[in-house]
Amino acid sequence: MAAPHADDAPAPAGRMITLTCDRPAAGGTFVARHEGRVVFVRGSAPAETVIARLVEDPQEAAKARFWRAEAVEVLEPSTDRVPTVWPEAGTDGVGGADWAHIALPAQRRIATEVLQELLSRAKVTTFPPEDAQVEPAPGDRDGLGWRTRVRYAVDAAGRVGMRGWRSHDVRPVGSDPLAVRAISELDLPSWTPPRGTEALDVIAPSDGPVAVVIIGRDLDPAALELPARLDGVDVSVQNSSGLHPVRGDGTVREKVGERSFVVAQTGFWQSHRLAAELLAEVVAADLGVREGDTVWDLYGGVGLFAAGAARAAGAAGSVVSVEGGTRATALATRNLGDLPGARAENGDCTQWVKRAITSGARPNRVVLDPPRAGAGAELMRLLCEAVGERIVYVSCEPSTLARDLAAAEAAGWRVADLRAVDLFPHTHHIESIAVLERTA
Ligand SMILES: C[S@@+](CC[C@H](N)C(=O)[O-])C[C@H]1O[C@@H](n2cnc3c(N)ncnc32)[C@H](O)[C@@H]1O
């Protein structure tokens, strides 16, 4: 790991320096050195020389052991650099596509390097880091047109754009090439939404109409006049008192195989159009649920993985989806309603597991899909004690996954398999699925 600079003066924000970037670092940046100090550079690529603008790290405002910078001009391009797929994104543009200027196969090679480095650094020993490879989602050819959920920001003048990179400014945007066609076709950036609108969420589900949520603290849903461009679109208003469906019921429908899931318009669902189906298949195969098994689906959302487990466990089994959001839990109860032996419970996963274990519960198999912060030491310890056979860990943040896998190894488990899939093309994010088994 790069050593901190002896002098921890904060970055002189705004100053331009010339940097040659070397290896990738977690978070989508590339490592360069300036007068012995490590600088993490955004918007660059491996083995590339750039003029970069120093930025202040808000988390280290008073002192900075490392500096941060963003590339503003390329002097000697990386062989991985290509014309960006989204010219409006990147330094001085909008966020959400930080690797749009890197060739797609190179993005996956770089993400693989980062993943392997994180596993090595966390001292994961039971799975060879070199076997961890980031693969494309099957059927994804160009990494475009995948995002089914997009948030637009609206400025004080009513212009629809997107937030800038590392900034709250609203930048104009024409279209989002990463969004699915149903979202692009609505062309919301050319709309002037009602006065007081602060943001627009647009959701293109796999089943049923597109939904638009018009967000603004003081918006009055009763006063909303819907423009022709929103004909056929479900519309809700989210103001300071909550979500108010104007057309539709505030939910969308997502089809996975033959099954339909009801999801709140503002609730979590996997963003890539291929993700839910792919992850549901991989998790079902990795969990290997047998009839009569007891299974927990932790951080279960609206019951995506619990549904597959419940089908395999049958009426003799017991499957519980545990979810922190009350609305998502209610929808999981609805989505799992026809599956005997399946139910959804609301609560913090760590607290719920602690209580379940205290009352004697011992699941055979557990799937967990936490947010970026990961499961953490306490939940991993509890699961490693209580789970009989297998834990499948779905993760959108490889650094916390690596940390939690190392904790499981220390508790006597081994990483039997690890797959990483590029479910966020043209960004540095990846999705991983790890299988943990008891060593004895
Ligand atoms: C990455 S999503 C996964 C959802 C689901 N597995 C899916 O694929 O649709 C994480 C979920 O965990 C929930 N969550 C976050 N923190 C939680 C906590 N401490 N306890 C329980 N649920 C939590 C979120 O509300 C969200 O639904």
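Which residues around the ligand come nearest to the ligand? Select the ligand first: of the 15 residues around it, Gln270, Glu323, Gly324, Asp348 and Asp369 come nearest, where a residue is near a molecule if one of its heavy atoms lies within 4 Å of it.

Before going on, note that this is a predicted model, in which local features need pLDDT of at least 70 and side-chain atom pairs count only at pLDDT 80 or more, while totals for chains, interfaces and linings use all residues. Residues are numbered from 1 along each chain as its sequence is written, and side-chain values use heavy atoms, with hydrogens and water left out.

**The ligand and its surroundings**

Stay with the ligand and select Gln270, where an N or O atom of the side chain is 2.7 Å from an oxygen atom of the ligand. Then turn to the backbone: a polar backbone atom of glycine 324 is 2.9 Å from a nitrogen atom of the ligand, and a polar backbone atom of tyrosine 299 is 3.2 Å from a ligand nitrogen. According to an unreviewed UniProt entry, the feature "binding site" is placed at Gln270, Tyr299, Glu323 and Asp369; UniProt positions are given in the numbering used here, feature names are shortened, and annotations may be inferred rather than shown by experiment.

Next select tyrosine 299, which lies in the loop between strand S16 (294-298) and helix H4 (304-313); helices (H or I, at least four residues) and strands (E, at least two) are DSSP runs, numbered from the N terminus. Leaving aside neighbours within four places in sequence, tyrosine 299 is in contact with several residues, among them Val322, Glu323, Cys349 and Asp369, contact meaning heavy atoms within 4.5 Å.

From there move to glutamate 323, found in strand S17 (residues 318-323). Glutamate 323 has a relative accessible area of 16% and is therefore buried (buried means under 20% relative accessible area, exposed over 50%, partly exposed in between, with a 1.4 Å probe and protein chains only). Beyond the neighbours within four places in sequence, the contacts of glutamate 323 include Tyr299, Gly300, Gly301 and Glu345.

**The annotated active site and helix H8**

Now select Cys396, which UniProt lists for "active site" in an unreviewed entry. Cysteine 396 sits in the loop between strand S20 (390-395) and H8, and counts as buried at 18% relative accessibility. With neighbours within four places in sequence left aside, cysteine 396 is in contact with Pro370, Pro371, Arg372, Ile430 and Glu431.

Continue to threonine 400 in helix H8 (residues 398-410), a residue that counts as buried at 12% relative accessibility. Its side chain reaches the backbone oxygen of glutamate 397 at 3.1 Å, a polar contact being a pair of N or O atoms within 3.5 Å; within protein, one must be able to donate a hydrogen and the other to accept it, and residues adjacent in sequence count only if both atoms are side-chain atoms. Not counting residues up to four places away in sequence, threonine 400 touches Arg372, Ala373, Gly374 and Tyr393.

**An aromatic pair**

The structure holds five aromatic pairs, rings of Phe, Tyr and Trp (its six-membered ring) being paired if their centres lie within 6.5 Å, with planes under 30 degrees apart counted as stacked, over 60 as edge-to-face and the rest as tilted. Select tryptophan 296 and tryptophan 352, whose ring centres are 5.0 Å apart with planes at 85°, so the pair is edge-to-face. This pair links distant parts of the chain, with tryptophan 296 in strand S16 and tryptophan 352 in helix H6 (residues 349-358), 56 residues apart.
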